[in-house]
Amino acid sequence: MTPLLLIDTGLRLIAIGQLLLIALVICRGTAPRLIRAVTVSLLIGVSAYVTIATPIFLRLSGPLWATVQLFAQATPLLLWVFAHLLFERAINRVALGGGLIVLLSCWVCFALIDGSDARFWIALVQRVVSLVLVLHAIALAIRERGDDLIEKRRRLRVGFVIVVGLGAVMVLVVEMIFGFRHRDVLATLPQTIVIFMSVMGAGTALLQSDPDLLFDPAKPAPPAPTLTPSEQVLKAKLDAAMAGGIHRETGLTIGLLASRLVVPEHRLRALINQRMGHRNFAAFLNLHRIADARVMLADPTLVDLPILTIAMDLGYGSVAPFNRAFRDTLGQTPSDYRRTVFVEKS
């Protein structure tokens, strides 16, 4: 074994050990079962990928090895699901189902088909779909970062989803450029270094896991502590701005609201999150927007006002996010709510 190959193998074995250690810590944690299961599965998936690309394991085969390969190929899909759960975003069931179909189909076909050309195209389809999923997870972490009010989770976006995601992108791109079975150490060693650094970043973030990172979104927030005098002044300014309807502005962000109130953004984040119990800015806005929506939907003078118009007046870019936020809050659509209100009045 050459020195470079020895370094490559050593780094991979260290990364596998650390990934499994992180998975064990998360598994024994107190986070909700679903997010624990997805997080542990993701970590096992990454360790499986590192395993199947480690030189000393290349000659292994059999049912157990096929299971390891399945976990490895599932890593991009697991990262995509993890990002949605972590950042409290609804998972598109069609996209999830499509990803599962591609994953299982490619895994089965690759095992049953011997032709090198056919295997190349199967691997290409699997890598392309994986790349799309990883890029979407990265985009979600970056795009929604400003909405997050929990500072630890904001750091986790960079320390885990983006770092691990970019590492996965680099690995997938190198595989598609050099070939899926390319084993030259000059190509695999850069991959190994990226994987090792990504694992170190993931470990730094996830070994500090607590309810701020892997929490139950359905669990009520704890009672807010007594506000300090400066917080009371800031909350009064915030309440006045919300009473004035600033929450109805389309595209309102935490940064824009802070500039309107002439306060540092970090102070406003801390107030809304730590004192008022909101985990993200969208939830805070929806609290006020849905309250206004209920009033408008129950107003007899607005009974013929289209739902789309109400959604736009409340600051939503379209009717879909309004319907989703309203249903998540009250358990029914705006149309059903309006119908129920007027039936009860009649």
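The structure is a predicted model, in which local features need pLDDT of at least 70 and side-chain atom pairs count only at pLDDT 80 or more, whereas totals for chains, interfaces and linings use all residues. Residues are numbered from 1 along each chain as its sequence is written, and side-chain values use heavy atoms, with hydrogens and water left out.

**Overall fold**

The protein chain holds 14 helices and zero strands, where helices (H or I, at least four residues) and strands (E, at least two) are DSSP runs numbered from the N terminus. Of its 346 residues, 41% are buried, a term that stands for under 20% relative accessible area, with exposed meaning over 50% and partly exposed the range in between (1.4 Å probe, protein chains only). Among contacts between residues at least 6 apart in sequence, 71% join residues at least 24 apart, a contact being heavy atoms within 4.5 Å.

**Salt bridges**

A search of the whole structure finds seven salt bridges, each defined as a side-chain nitrogen of Lys or Arg within 4 Å of a carboxyl oxygen of Asp or Glu.

| Glu231 | Arg275 | 2.9 Å |

In the salt bridge of Glu231 with Arg275, Glu231 lies in helix 8 (residues 229-243) and Arg275 in helix 10 (residues 265-275), so the pair ties together parts that are 44 residues apart in sequence. Glu231 is buried, with a relative accessible area of 16%, while Arg275, at 21%, counts as partly exposed.

Asp239 and Lys235 both lie in helix 8, four residues apart, which is about one turn of the helix. Asp239 is partly exposed at 35% relative accessible area, and Lys235 is partly exposed at 26%.

Arg248 is partly exposed, with a relative accessible area of 33%.

**Aromatic contacts**

The whole structure contains four aromatic pairs; rings of Phe, Tyr and Trp (its six-membered ring) pair if their centres lie within 6.5 Å, and planes under 30 degrees apart count as stacked, over 60 as edge-to-face and the rest as tilted. The ring centres of Phe326 and Tyr337 are 5.4 Å apart and their planes stand at 70°, so this pair is edge-to-face. The pair links distant parts of the chain, since Phe326 is in helix 13 (residues 319-330) and Tyr337 in helix 14 (residues 334-345), 11 residues apart. Phe326 and Tyr337 are both buried, and together with Tyr316 and Phe322 they form one aromatic cluster.

Over the ring of Tyr316 sits the charged end of Arg289, 5.0 Å from the ring centre; the criterion is that NZ of Lys or CZ of Arg is within 6 Å of the ring centre and within 35 degrees of the ring normal.

**Surface**

The accessible surface of the protein chain comes to about 17800 Å², of which 66% belongs to carbon and sulfur atoms, with areas taken from the Shrake-Rupley method with a 1.4 Å probe and, for residues, only the protein chains shown counting as cover. Leu21, Leu24 and Val25 make a nonpolar surface patch of about 260 Å², and Leu24 is found in helix 1 (residues 3-27). Patches are made of residues with over 30% relative accessible area and no salt bridge, like charges being joined within 9 Å and nonpolar side chains (Val, Leu, Ile, Met, Phe, Trp, Tyr) within 5 Å.
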